[in-house]
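These are my notebook entries on side-chain contacts. I set down each item as I looked it up.

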Amino acid sequence: MIAMIKKYSWLMGICFMLFSCQEDIPGLQPIVAPANLSVDAAVAQDQSGVVTITPSAENVITFQVFFTPGGDPVILNPGDSATFRYTRSGQYTQPITVVAYGTGGISSSTTIRVDLDVRLFIDEATLQMIAGDGTKRWVWNKSEAGHFGVGPLTNNFPEFFSAGPDQLNPCLYDDVLVFSYDENDNYSYSLEAGTDNLTFINWTEVNRFFPDASPQQFVDECRDITDQASFANSFVIIDNGDGTRTLDIGDSFLSYFAVIPGQYEIIELSENRLSVRGTSMPFNGDGPLYWYHTFVPEDFDPNAGNGGAEPPFDTLVFADEFDMDGAPNPDNWGYDIGTGDNGWGNGESQYYTDRPENVIVENGVLKITAQAESFMGSEYTSARLLSYQKQEFQYGRIEISAKLPTGGGTWPALWMLGADFETNTWPAAGEIDIMEHVGNQQNTIHGSTHDPANFAGNARTVTTTVPTASDEFHVYGVEWDASEIKFSVDGTVYGTLENNGSLPFNKDFFFIMNVAMGGNFGGAIDPAFTSSTMEVDYIRVYQ
């Protein structure tokens, strides 16, 4: 009995110790639901579709604002506001849901309804480009390389894939995009599906419409989704205020089903070209991608501009005579800096700079000098000038007067690159080499074009011999139109290459002038090389 009393006394002592220690355990925060949730909604009265939401509540930690049903929420702290722009024109009521979260994740919510009167106007010039005099029909520019592409969000070009001419399934190419408007500024968009109503669907999206399907990885499919997807909606072009514009077609899509929702960044919009980029959110959970699309009017003929006749090209439209000493004219020229190992080099050995030691205008001549020196990890330096976004041209007669450098491994070039190269990655962008020369083949002049079917070592090339290429100035030229590209030296044509609508040579190009060292064309560099200069007297463009 005494033993039992001792036992229970010991247990009571333990209990006493436990209860006496509870003062040191922090108490749990009480779970309190947000109360008195209210929402202030301010609707802009300029028909812009801008709505500002300011929620308030007691016992709240954060708010979530859902401006569209099923859309992603905007997260707000107490006292903050959120602004959203509705881009569907018309008079309608829009539900907005606000969820207030308190401690322990407990929440309260409310849905308000705002009355909208939205009229997003498109300026007349832009409206004419996209919708003509009331209706304009667009189709895929399937004859142009790079009309369709995909790449990561980390780059501004279709790094993963760029389609060659007419490369994709025909069920894509018979779709028609129709943009229309009326006198009341109602803007409408519709997609006319082609044969058998088939639409080209990204493989990650097939299960969105056909849950029992088993799409093959990376293999897109032709499917009829006319009863499941939106093929008609209003459209608007939104100026984002940062130099970019967005083509918003609501929940519709531009022929290829991948981009959701239907918002596309406009890369280029002109009378005869619509180039856009959209972001996908794949249905299968893969990461987002950029998708690049290029369209032309349904009745557009790239070869019809001159009635088939050879243009005269006798009007001077651009010239740089290099008659001002110092750095090259910044209105005409920028620079590539570095080794090009991030995508624009060819295994060369030089480091390109903008230093006067490598590039300068003196006594009416542009001088680009390659020299042996240790610089930024390279054993040679030189310069590479480009007229990108400064001087760009489609078609014409180009003449460049130049005297070339010498030395084994030197690789001077006067050439042109498609101005859409950032979104239409090489070789899809196209390249025209007006003149290339290598010191290991002294006095041999190359003229070439590069396209998706003929590039790098397989480029289309013509050659000639100029015995005094490094001793005297010679005029290297091309005459370029929709049917052919002629290469000449001192006015004498030495080779002609065909051009047609399937090749990427029917758009704007810009100029590049550089002297490389070594690389996959320059070859072995003479160990005794110290320096050599390409001199350019002028560049002229006639149209």
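I began with C222, which counts as partly exposed because its relative accessibility is 25%; buried means under 20% relative accessible area, exposed over 50%, and partly exposed in between, with a 1.4 Å probe and protein chains only. The model is predicted, so I kept in mind that local features need pLDDT of at least 70, that side-chain atom pairs count only at pLDDT 80 or more, and that totals for chains, interfaces and linings use all residues. Residues are numbered from 1 along each chain as its sequence is written, and side-chain values use heavy atoms, with hydrogens and water left out.

**Disulfide**

Which residue forms a disulfide with C222? I found C171, with the two sulfur atoms 2.1 Å apart; a disulfide is a pair of cysteine sulfur atoms within 2.5 Å. C171 lies in helix α3 (residues 170-173) and C222 in strand β14, so the pair ties together parts that are 51 residues apart in sequence. I took helices (H or I, at least four residues) and strands (E, at least two) as DSSP runs, numbered from the N terminus. C171 is buried, with a relative accessible area of 7%. The torsion about the S-S bond of C171 and C222 is about -85 degrees, so I noted the disulfide as left-handed. My search of the whole structure found one disulfide.

**Salt bridges**

I next looked up charged pairs. Side chains of opposite charge can pair when their charged atoms come close. A salt bridge is a side-chain nitrogen of Lys or Arg within 4 Å of a carboxyl oxygen of Asp or Glu, and the structure holds 15 of these salt bridges.

I recorded a salt bridge between D336 and R384, with the closest N and O atoms 2.8 Å apart. D336 is in the loop between β22 and β23 (350-352) and R384 in strand β27 (residues 384-386), so this pair ties together parts 48 residues apart in sequence. D336 is buried at 16% relative accessible area, and R384 is buried at 6%.

I then examined R540 and E321, whose side chains meet in a salt bridge (3.0 Å, N to O). This pair links distant parts of the chain, 219 residues apart: R540 is in strand β38 (residues 531-542), and E321 is in the loop between β21 (316-320) and β22 (334-335). R540 is partly exposed at 22% relative accessibility, and E321 is partly exposed at 30%.

I also noted a network of salt bridges that links E268, R273, D420 and K507.

**Aromatic rings**

I turned to the rings of Phe, Tyr and Trp (its six-membered ring), which pair if their centres lie within 6.5 Å; planes under 30 degrees apart count as stacked, over 60 as edge-to-face and the rest as tilted. By this rule I have 30 aromatic pairs. One of them is F231 with F253: the ring centres are 5.2 Å apart and the planes at 80 degrees, so the pair is edge-to-face. Both F231 and F253 are buried. For Y290 and Y292 I noted centres 6.4 Å apart and planes at 75 degrees, so this pair is edge-to-face. Y290 and Y292 are buried. I listed W140, F148, F161, F200, Y256, W291 and F295 as one aromatic cluster.
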